[in-house]
Amino acid sequence: MAERPFFTGKKIMTTPFTIHVRLTKACNANCTYCSSFMENPDKFMSLKDYKKSITFIWEQLIKLDIHVTNLTIEYVGGEIMLVPLNILKSQVDFAREFFLEKGIVVVDGAQTNLIGSKRKVSQLNDIFNGKISTSIDSFTDQRKLGNSAKKYRVIMMQRESEITNLERFKIPAVFTMDQKSIKDTVNEFKLANRANRNLMIRPVFNGGNSIESITPEQLSEAMLDTFDSWFIRSNVILEPHFSLLKKRLQTRNNIDPLYDFSYCSFQNDCAKKSMSLEPNGDLHICQELADSNAIKIGNAVDSIWDQDQWDIYNKRGENLHKDCLECPYLKDCQGGCMMHSIEDNNGPYGKPSYCYAWKKIFKKIDDNIDINGEEKILSWIDRLESK
Ligand code: SF4
Ligand code: SF4
């Protein structure tokens, strides 16, 4: 039987942390639901400011008594390729060496729209040793280059095929569900499944251009329908379904998943788990809170830290809504996402309205575990994880 760290029940003594780094808000595309505005297209964080920021973030983590052992640095945009790639490489190398010296394991990657020259995309792929991901929308015209969705799609697919031509798998992608795209969610998953592409589906959030949020009922339907298309037969990882399934398996076996295996949007210790850096040095708990214009926790370039604000975010876990405290899925859901609650005007300690969808998907997972039995599902998880 395969080694299943998530299912052993052994406490894994690591302290994971994620830093989202947005070096620029500039973008070469024009997408309806983008969370980064096309502002100051020539601007990006300088190497000097980045070094200062990383050093400042490290100093805060020490002061907060967060002794990180495993660090993920996720470089996002805007479009990351609009940072001159020689400068980006120096920035990435600096952070790797900085944390390596502290004995911290660093895994980094970048999110890109792949809209760039063949040489640039290949360089970006090399900087991150192939750990890049992208966004996808195969059915609506919301992702555009200039005014052309077709142009966007053709270039994106061309660049992707150039860097994955020898691989069995396509680049992992995020699919954003809004009022226009949500009807295509199952079909988008089916395409990803055929292409051997791991996919994350997520509701649009309130940042960027004019967007149309989806309702909890719509989210629920999309989550359940994609679950039915994916469960037990797919060869790709579909998130958040995959993580939620693993969590339910843990919880049903009294394996405490609270800390080591928590993920967005199902964690309440976000302040101890992540930080997000903006091009001007502003610091937030995560990229999503930055995009929803939540109150910042400091500015790394100006060496400003707002301990009171960080404390407010940090206390979500102690102040969850009473419904969450009584909920049978609390261990798995952890009260949902703080950003969703803030977006719903329920504040940092509230219950997000997407609770409706989360309850439905947890129930669906439980029903399917009962029908199929754990061993069959665990074997399928092993296969997906060994790819
Ligand atoms: S607030 Fe939501 S998106 Fe941000 S880190 Fe927490 S769970 Fe993730
Ligand atoms: S499913 Fe709803 S009630 Fe239960 S923990 Fe999640 S947000 Fe709270």
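**Exercise 1. Find which residues of helix α14 are buried, and what they pack against.**

Solution. Start with the side chains of α14: Ile 377, Leu 378, Trp 380, Ile 381, Asp 382 and Leu 384 are its buried residues. Keep in mind as you look that this is a predicted model. Buried here stands for under 20% relative accessible area. Next, look for the neighbours of these residues: they pack against α6 (216-230), α7 (241-252) and α13 (355-372).

**Exercise 2. Check whether the length of α14 agrees with its number of residues.**

Solution. Helix α14 covers residues 374-385, which is 12 residues. The expected span is 1.5 Å times one less than the number of residues, so α14 should span 16 Å.

**Exercise 3. Trace the pairing from β3 through to β6.**

Solution. Begin with β3 (residues 105-111), which runs parallel to β4 (residues 132-135) and is joined to it by 2 bridges. Here Gln 111 lies opposite Ser 133 of β4. Step on to β5: β4 pairs with it in the parallel sense, again over 2 bridges, and Ser 135 has Val 174 of β5 as its bridge partner. Finally, β5 and β6 run parallel and share 5 bridges; Ala 173 faces Leu 199 of β6.

**Exercise 4. Decide how enclosed β5 is and sort its side chains by direction.**

Solution. Of the 5 residues of β5, 5 are buried, so the strand is largely enclosed by the rest of the structure. In a regular strand the side chains alternate between the two faces of the sheet. Now sort them: Ala 173, Phe 175 and Met 177 point one way, while Val 174 and Thr 176 point the other way.

**Exercise 5. Describe the shell around ligand 1.**

Solution. List the surrounding residues: Cys 264, Ser 265, Gln 267, Cys 270, Ser 274, Cys 286, Glu 288, Cys 337, Met 338 and Met 339. Then sort them by type: 6 are nonpolar, 3 polar and 1 charged.

Conventions
Residues are numbered from 1 along each chain as its sequence is written. Chains are lettered from A and ligands numbered from 1 in the order in which they are written. This is a predicted model: local features need pLDDT of at least 70, side-chain atom pairs count only at pLDDT 80 or more; totals for chains, interfaces and linings use all residues. Side-chain values use heavy atoms; hydrogens and water are left out. Two strands pair if DSSP finds at least two bridges between them. Helices (H or I, at least four residues) and strands (E, at least two) are DSSP runs, numbered from the N terminus. A residue is near a molecule or strand if one of its heavy atoms lies within 4 Å of it. Ala, Val, Leu, Ile, Met, Phe, Trp, Tyr, Cys and Pro count as nonpolar, Asp, Glu, Lys and Arg as charged, and the others, Gly among them, as polar. Buried means under 20% relative accessible area, exposed over 50%, partly exposed in between (1.4 Å probe, protein chains only). Contact means heavy atoms within 4.5 Å.
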